[in-house]
Amino acid sequence: MLILKKIYNYKEIVAIITTSFLSLILFFNAQSPRVSAVKADIADIVTFISTPKTWYQDLLTVRKENQILKESLVQMQLLNARLFHHKNENIALKGMLQFSEQSPLSLKPCAVVDLELTSSIQSIIVDVGSNDFILKELGVLDMKGLIGKIISVGNNASFVQLISDKNYRVSIRVGEERTLGIFLPTHGKFGILEGIQESIHIEPGDIAYTSGISDIYPMDIPVARVLTTLNNSESGFQEVSVEIIADIYNLNYVFIIQ
Amino acid sequence: MNIKKILFFSLVFIAVVIIQALLPNIIVVHHPVKLDLFLLYLTVIALMYNQLSAILIGFFMGLIQDISTQSYMLGAFAFMKSLTGYLLGGINNFKQIWNRKIRYLFVFGCYIIHFTVYHYIYLTRNQESMIIGIKLVLIHSLINMLVLWFIDKFIYQSKLV
């Protein structure tokens, strides 16, 4: 009753709303170009009025899209980094393959899985072992020169003593006369050649190669490059300081001489 | 409203429908103009009786006008006439406050709104049509005002508005 009384009090408003509603329903249901034009005008007005709302919604959508794009960007950057890594690896592997094919030696390529330069024995671990017919005392080299030798063999991995290890010795030949000597590492990439007589002519830049006397290493593998020479009149031998040719601080893949 | 009055206004309404149907267009300033007798009838109802009657009569009158003249756009006149009835009926609330001139001005404003809505629907949306539309709105409103003035003056002895 109360509601009916209130409606009665506002009967004019109710009447105009009802009649407008009915007439507009009839009007907008008509299929006429003029009605379509009115609808288009109303749509324009509604669009204009709802511009702030649309703008705000667009802003939210843009923020969401931005977040998704940021995540995608990070993923793509990671993927790109991986691809770059694979590209460089591919280049290195291609170089190794070429080296392996051109070398007269029978070489077994393998990856370095661990590098230990601070322990009592400077060594690396490679991913081949007795399952790959790897034996102890086999020489190891990279594309530049001698790396070391196998000192321990597991089923699927092997220990390699590096040429820079203080207990490492290798017989070499150096100079035009291919004089015999012994390579001894001193510190880091550096070492000395022992047993080179004062009368032998050696120049900085000369390469010391493996002599082939040992059972471990075939001959003519580059070992070290001469840096300086100094005659020691008391002992009758030269003091020859050398630099290891192999890139011992950046080992990824190496070859085992089989 | 008693039965006699209802009967009288019903007869007048039928007469208005017939006359409106037969009424020819007149050319005013190169434009065809037709007197809107329905609007005048609605004005009389709104001024003599109350707002509610004006709204309801306006709505049904508009519907009849829609059916008889433009069935493809049903609802346009019904909306215009009920809105105009509401606006014209509103004058009764201010009859004691407003003087005669203001009341006439208000009625003229209602006519302007009525014909603006009408021409907004009927005319195409370009600048030329807009100028013609403004002219037509003014002409129609003025002609209807003039006829209303005659009705007020000679039928109702200046007691209608």
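So, where is the place of B:Asp152 in chain B? It sits in helix α6, residues 127-155 of chain B; helices here are DSSP runs of H or I, at least four residues, strands are runs of E, at least two, and both are numbered from the N terminus.

Quick housekeeping before I go on. This is a predicted model, where local features need pLDDT of at least 70 and side-chain atom pairs count only at pLDDT 80 or more, while totals for chains, interfaces and linings use all residues. Residues are numbered from 1 along each chain as its sequence is written, chains are lettered from A and ligands numbered from 1 in the order in which they are written, and side-chain values use heavy atoms, with hydrogens and water left out.

Okay, back to B:Asp152. Is B:Asp152 buried or exposed? B:Asp152 counts as buried because its relative accessibility is 0%; buried means under 20% relative accessible area, exposed means over 50%, and partly exposed is in between, using a 1.4 Å probe and protein chains only.

Who does B:Asp152 pair up with? Its side chain meets that of B:Arg100 in a salt bridge, 2.8 Å from N to O. A salt bridge is a side-chain nitrogen of Lys or Arg within 4 Å of a carboxyl oxygen of Asp or Glu. That pair links distant parts of the chain, with B:Arg100 in helix α5 and B:Asp152 in helix α6 of chain B, 52 residues apart. B:Arg100 counts as partly exposed because its relative accessible area is 29%.

B:Asp152 also has a polar contact of 2.7 Å, side chain to side chain, with B:Tyr104. By polar contact I mean a pair of N or O atoms within 3.5 Å; within protein, one must be able to donate a hydrogen and the other to accept it, and residues adjacent in sequence count only if both atoms are side-chain atoms.

B:Ser158 is in the segment after α6 of chain B, and its phi is near 60°, a positive value in a residue other than glycine.

A:Phe133 has a positive phi of about 65° although it is not a glycine. You'll find A:Phe133 in the loop between β2 (123-126) and β3 (139-141) of chain A, and A:Phe133 is exposed because its relative accessible area is 68%.

Now, how many salt bridges does the structure hold over all chains? Four. One of them joins A:Arg178 and A:Asp220, with the closest N and O atoms 3.1 Å apart. A:Arg178 lies in the loop between β6 and β7 (179-187) and A:Asp220 in the loop between β9 (207-210) and β10 (222-232) of chain A, so this pair ties together parts that are 42 residues apart in sequence. Another is B:Asp36 with B:Lys81, at 3.1 Å, N to O. Both B:Asp36 and B:Lys81 are buried.

The contact takes 21 residues from chain B and 20 residues from chain A. About 1,700 Å² is buried between them, and carbon and sulfur atoms give 74% of that; buried area is the accessible area (1.4 Å probe) that two parts lose on being put together, summed over both. In chain B, the residues that lose the most area to chain A are B:Leu52, B:Phe59 and B:Phe79, together 25% of what that side buries. Between the chains there are zero salt bridges, and three residue pairs are in polar contact, both residues at pLDDT 80 or more.

Last topic, the cores. A nonpolar core is a set of buried Ala, Val, Leu, Ile, Met, Phe, Trp, Tyr and Cys residues joined through side-chain atoms within 4.5 Å. The largest one has 43 residues, and A:Phe183 and A:Leu193 are among those with the most contacts inside it. Strand β12 (residues 253-257) of chain A gives the largest share of this core, four residues. A second, separate core has 30 residues, including B:Leu40 and B:Val161.

Definitions and conventions:
Contact means heavy atoms within 4.5 Å.
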